[in-house]
Amino acid sequence: MPRRKEKSSELRARAVLEHALGVELELVEPDPSGPPSPDYRLCAPEAAFEVKEFASQDWKGLGKAVNKAPVHTPLSRLSGVWGCLVPAYNAVEELELGEPGSARQPRVKRLPKDLVGPLEVLERHSVTDYRIGIGAVSEELRQACERIGWLLRGGWCTRFEFEGEPPFSPGVVVLGLGWGHSRTGDPDVFADLVQMWLDRRSANMRESLDGVPGEHHGVLVVAESVVGEARAVEDMRLEFLPVVSLRLPVEIDTLWVVIGSMWLRFDEQTGVWTNGSITGNPLPDSTIPAG
């Protein structure tokens with residue numbers, strides 16, 4: 001029977017852990033009819049490892065939708081070219097919102113069709129950015145701008161002004177995916193975000209480790225693109241080491257946090273963080289939406 005295909009995040013985690021531990025991890029083949037099982041294990045000393053991502057499902061889903069959608073949709077009802085940037089929640093914003101995937105997403109495939117009517121109204125009123133007309137006196141214009149804002153979840157939509165011949169015929173151009181984040185560069189702030197993930201997202205990790213023989217290792221692979229604090233690791237490297245302790249669930253003895261080629265490790269027994277790195281990046285960023 002062929003081995004199950006490992007996710008990119010699992011491959012990244014395994015590369016980092018095998019380097020840090022100096023041993024090879026054994027891939028676990030799950031029983032489809034059985035309870036959740038860990039992703040990897042060791043026989044000596046006996047240990048189990050469960051890998052999860054700290055990313056944004058909103059960002060990943062919208063990224064795939066944007067990559068699949070046509071860049072330019074010609075629309076004869078419009079006289080100009082309108083550019084849109086579809087906004088995504090970063091990982092922390094999604095974590096604060098609630099369950100991943102629970103937020104209403106812009107309907108990327110339908111955006112040009114949904115936008116054409118409101119954009120016609122903006123063109124009649126000579127408005128080039130819907131945000132300008134949100135508080136307009138004209139009820140028609142105000143409603144059209146509010147509709148665009150709702151369709152794009154507050155994203156960017158404006159009319160292009162070209163000199164000479166425009167590269168596109170009148171219509172809608174989906175420019176890509178937009179997101180933002182901030183960072184303090186404080187490792188303890190990052191540790192607090194990890195604690196929030198443990199409190200709100202670790203149910204499957206705990207279930208996969210519960211009752212398994214040996215020491216239990218949770219492994220969290222961070223998408224640097226959408227976790228702002230993690231990007232400080234690029235600058236601080238081994239100086240990036242939290243001091244604040246985590247409150248690990250009872251099913252987890254040790255938590256590993258993988259950020260690029262860096263790893264952070266929190267041991268429940270000692271209450272201490274350690275860190276390390278491997279040369280280069282073990283794999284490309286596995287959480288960037290692929291086309």
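Biologist: In which strand does Thr254 lie?
Modeller: This is a predicted model. The strand in question spans residues 254–259. Thr254 lies in strand S9.

Biologist: Is Thr254 buried or exposed?
Modeller: Buried means under 20% relative accessible area. Thr254 has 0% relative accessibility, so Thr254 counts as buried.

Biologist: Which residues does Thr254 touch, not counting residues up to four places away in sequence?
Modeller: Contact here means heavy atoms within 4.5 Å. With residues up to four places away left out, the partners of Thr254 are Glu215, His216, His217, Gly218, Leu248, Arg265, Phe266 and Asp267.

Biologist: How much of the protein chain is buried?
Modeller: The chain has 8 helices and 11 strands. Its C-alpha atoms fill a box of roughly 75 × 45 × 35 Å along the principal axes. Of its 291 residues, the share that counts as buried is 49%.

Biologist: What share of the contacts with a separation of 6 or more comes from residues 24 or more positions apart?
Modeller: Take the contacts in the protein chain with a separation of 6 or more. Residues 24 or more positions apart account for 74%.

Biologist: Which strands stand at the edges of the open sheet of 4 strands?
Modeller: The order is S4-S7-S5-S6, with mixed pairing. An edge strand has a single partner strand, so one side is left without a neighbour in the sheet. That applies to strand S4 (72–74) and strand S6 (156–159).

Biologist: By how many degrees are neighbouring strands of this sheet turned against each other on average?
Modeller: Direction is ignored for this value. The average is 20 degrees.

Biologist: Which residue in S7 stands opposite Cys84?
Modeller: Strand S5 covers residues 81–87, and strand S7 covers residues 171–178. The two run parallel and are joined by 7 bridges. Opposite Cys84 stands Val174.

Biologist: At what angle to S5 does helix H4 run?
Modeller: Helix H4 covers residues 111–124. H4 lies across S4, S5, S6 and S7. To S5, the angle is about 125 degrees.

Biologist: Which residues lie nearest the centre of the second largest pocket?
Modeller: This pocket has a volume of about 220 Å³. Its lining holds 16 residues. Strand S2 (40–43), strand S3 (46–54) and helix H7 (203–209) each give two or more of them. Nearest the centre lie Pro38, Arg41, Ala48, Val212 and Pro213.

Biologist: How many residues in the lining of the second largest pocket are nonpolar?
Modeller: The lining has 4 charged residues and 2 polar ones. The nonpolar residues number 10.

Definitions and conventions. Residues are numbered from 1 along each chain as its sequence is written. This is a predicted model: local features need pLDDT of at least 70, side-chain atom pairs count only at pLDDT 80 or more; totals for chains, interfaces and linings use all residues. Side-chain values use heavy atoms; hydrogens and water are left out. On a 1 Å grid over the protein atoms alone, a cavity is a set of points where a 1.4 Å probe fits but cannot get out, and a pocket is an open set with protein on both sides within 12 Å along at least five of seven lines; lining residues have an atom within 4 Å of a point. Grid points are joined across faces, edges and corners, and a volume is the space filled by probe spheres set on the points. Ala, Val, Leu, Ile, Met, Phe, Trp, Tyr, Cys and Pro count as nonpolar, Asp, Glu, Lys and Arg as charged, and the others, Gly among them, as polar. Two strands pair if DSSP finds at least two bridges between them. Axes are lines fitted to C-alpha atoms, for helices over the stretch in contact, and angles run from 0 to 180 degrees between N-to-C directions. Buried means under 20% relative accessible area, exposed over 50%, partly exposed in between (1.4 Å probe, protein chains only).
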